[in-house]
Amino acid sequence: MRDEDLIPDGIAQRFRGFLPVVVDVETAGFDAQRHALLEIAAVIIRMRPDGLLEPAQTLACHVLPFVGSEIDPRALAFNRIDPDHPFRDAVSEQDALNRVLTPIRRTVKSTGCNRAILVGHNAHFDLGFVKAAVERTGFKRNPFHAFSVFDTVTLGGLAFGQTVLAKASKAAGMQWLHSEAHSAIYDAEQTARLFCTIVNRWYELDPVKYWERGPEGMNEMIVDSN
């Protein structure tokens with residue numbers, strides 16, 4: 001399919017050409033340059049015909065610590081990951097990025113978006129580890145915006161007065177299983193549900209829906225306001 005044959009999806013208009021993709025990483029510490037990336041999960045967000053958002057495809061990998069990486073035992077005690085477990089089925093960072101970022105890049109193109117934008121809970125932490133892995137592996141054409149994110153810490157505080165993922169999820173009417181928390185897949189999927197819930201509530205409440213007006217409609221509003 002040629003680029004000119006692509007019909008932009010509604011989600012391309014909703015976020016100024018950005019495709020929201022929820023990412024969660026589990027790591028062996030807080031320093032993206034030194035500490036190992038152990039798990040990565042991503043949930044692509046799609047728009048339904050009625051304009052509401054919902055989680056779509058989940059992509060996930062267990063990741064082998066990169067050569068020379070450091071592992072903080074306190075991080076492993078928190079996320080309960082055993083990097084040496086024989087059944088982890090972990091892959092290299094290069095393979096993990098190929099499995100996760102390549103489908104995201106394809107979806108960016110198929111929806112008529114320009115880039116993906118990372119959605120996360122404390123999103124810059126997740127983005128930092130993704131960017132560090134991209135740099136280490138020389139991965140080409142990272143689909144994510146280099147520094148802009150949507151953070152559900154901020155959105156949860158705005159919508160529900162809660163900044164902790166578990167508490168914001170419960171306030172949004174979602175179930176939360178502490179036994180599943182701090183797995184990349186579970187946290188990414190819960191964050192995706194929270195993000196969609198907040199955006200959809202705004203969609204239902206906002207009578208204007210600026211993003212549906214298009215550039216010409218927005219220009220008219222600016223002229224009228226002056």
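Predicted model: local features only at pLDDT ≥ 70, side-chain atom pairs only at ≥ 80, totals over all residues.

User: How many helices and strands are in the protein chain?
Analyst: The protein chain has eight helices and five strands. Going from the N terminus, the order is α-β-β-β-α-α-β-α-β-α-α-α-α.

User: And how compact is the protein chain for its length?
Analyst: It is as compact as a globular protein of that length, because its radius of gyration is 19 Å, close to the 17 Å that the globule rule gives for 226 residues. The C-alpha trace spans about 60 × 45 × 30 Å along its principal axes.

User: What share of the 226 residues is buried?
Analyst: Buried residues make up 49% of them. As for contacts with a separation of 6 or more, 69% are between residues 24 or more positions apart.

User: Let's do the sheet. What's the strand order?
Analyst: The five strands run β3-β2-β1-β4-β5 in an open sheet with mixed pairing. β3 (53-62) and β5 are at the edges with a single partner strand each, so each has one side left without a neighbour in the sheet. On average, neighbouring strands are turned by 30 degrees against each other, ignoring direction.

User: In what sense do β1 and β2 pair?
Analyst: Antiparallel, over seven bridges, with β2 covering residues 37-47. Within that pair, V25 stands opposite I40 in β2.

User: Which strands does α4 touch?
Analyst: Helix α4 (residues 123-137) packs on the sheet and touches β1, β2, β4 and β5. The direction of α4 makes about 160 degrees with that of β5.

User: Moving on to α5. Which of its residues are buried?
Analyst: In α5 (residues 152-160), the buried ones are T152, V153, G156 and F160. They line one face of the helix, because they fall within an arc of 105 degrees when you look down the axis of α5. T154 and L158, on the other side of α5, are exposed.

User: What do those buried residues pack against?
Analyst: The buried residues of α5 pack against two strands and two helices: β4 (115-120), β5 (144-151), α6 (165-171) and α7 (184-205).

User: Which residue caps the N-terminal end of α5?
Analyst: That's D151, which has a side-chain oxygen 2.9 Å from the backbone nitrogen of V153. Just past the helix, G161 takes a positive phi of about 70 degrees.

User: Is R16 buried or exposed?
Analyst: R16 is exposed, at 66% relative accessible area.

User: And what's phi for R80?
Analyst: R80 has a phi near 60 degrees, again a positive value in a residue other than glycine. R80 is placed in the loop between α2 (73-79) and α3 (93-110).

User: Buried or exposed, that R80?
Analyst: R80 is exposed, with a relative accessible area of 53%. The cut-off for exposed is over 50%, so R80 counts as exposed at 53%.

User: Great, that's what I was after.

Definitions and conventions:
Residues numbered from 1 in each chain as written. Heavy atoms only, no water. Buried < 20%, exposed > 50% of the residue type's maximum accessible area, 1.4 Å probe, protein only. Helix = DSSP H or I, 4+ residues; strand = E, 2+ residues; numbered from the N terminus. Arc of directions from axis to C-beta. Contact = heavy atoms within 4.5 Å. Polar contact = N/O pair within 3.5 Å; in protein donor to acceptor, adjacent residues only side chain to side chain. Pairing = 2+ DSSP bridges. Axes fitted to C-alpha atoms, helices over the stretch in contact; angles between N-to-C directions. Rg over C-alpha atoms; globule rule 2.2 N^0.38 Å.
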